[in-house]
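Subject: Structure for you to look at

Hello,

Here is the structure I said I would pass on. Please open it first, then read the notes below it.

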Amino acid sequence: MRYHRRTWLKWLHWSMLPLVLWFTFVQPDDIRPLGEEAFMFHSVLGLIFVSLALLWTADYMRRGLAGRPGPKLTGLLRTFHSLMHRTLIWGLFLVALTGFLLGLTSTVLLWAGGIVPIAPPLGLPRANDLVGFVHAVEFYTLAALVAGHALFHIWRHFGLHDNALRIMVPRALHRFL
């Protein structure tokens, strides 16, 4: 079965949401006391997150944004719409990139999901601390942008009545909107 771009982007979009929520509220230090299996689960989720982020970035670089501002968005809101979506996509990419840099500057070989080596460790602890700080700030900024993105589309759907949510949810959920 062949899926249209919008269909698989909807799946990608909604697959990313629980991962963003997970990494917003669950840190490696929260998981470590639960044992190696729990930490490995966290790491596998990280690998999935990075893979999906890179897939989304690659699609954007190849085909551009899938959605366009609706006709009810005018002036600065049209510009904001496109800018917000581009920022989210590049934000996902930058979080993946700084995750790679964490592995690169580490003193030990880090494995994503226990499957993929992140990068050859160069043993640069000061750089690793800096990259870790940037990675965290970047991710939480991205999480705030995701929340703003959600609020913007909820406002569009219920305030402008432009069916913004219907465009992004699977067809089975349309009856609830």
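This is a predicted model. Starting at the N terminus, the elements of the protein chain follow the order α-α-α-α-β-β-α-α. That comes to six helices and two strands. Along the principal axes, the C-alpha atoms fill a box of roughly 55 × 30 × 30 Å. Of the 177 residues in the protein chain, 35% are buried. Among contacts between residues at least 6 apart in sequence, 60% join residues at least 24 apart.

Helix α5 covers residues 125–160, which is 36 residues. At 1.5 Å a residue it should span 52 Å, and its end C-alpha atoms are 50 Å apart, so the two values agree. After α5 comes H161, which has a positive phi, near 55°.

Which residues of α5 are buried? They are N128, V131, E138, F139, L142, A143, H149, F152, H153, R156 and H157. An α-helix has 3.6 residues a turn, so residues three or four places apart point the same way. You can look for that spacing in the list. The cover over the buried residues of α5 includes α1 (5–25), α3 (36–63), α4 (76–105) and α6 (164–168).

Now for α4 and α5 as a pair. Their axes come within 9 Å and cross at roughly 155°. Angles over 145 degrees count as roughly antiparallel, so α4 is roughly antiparallel to α5. The crossing of α4 and α5 is left-handed. In the contact of α4 with α5 there are 19 nonpolar residues, twelve polar and two charged.

Regards

Technical notes: Residues numbered from 1 in each chain as written. Predicted model: local features only at pLDDT ≥ 70, side-chain atom pairs only at ≥ 80, totals over all residues. Heavy atoms only, no water. Helix = DSSP H or I, 4+ residues; strand = E, 2+ residues; numbered from the N terminus. Expected span 1.5 Å × (residues − 1). Buried < 20%, exposed > 50% of the residue type's maximum accessible area, 1.4 Å probe, protein only. Contact = heavy atoms within 4.5 Å. Axes fitted to C-alpha atoms, helices over the stretch in contact; angles between N-to-C directions. Parallel < 35°, antiparallel > 145°, perpendicular 65-115°, else oblique. Left-handed = near helix turned anticlockwise from the far one by under 90°. Nonpolar A, V, L, I, M, F, W, Y, C, P; charged D, E, K, R; others polar.
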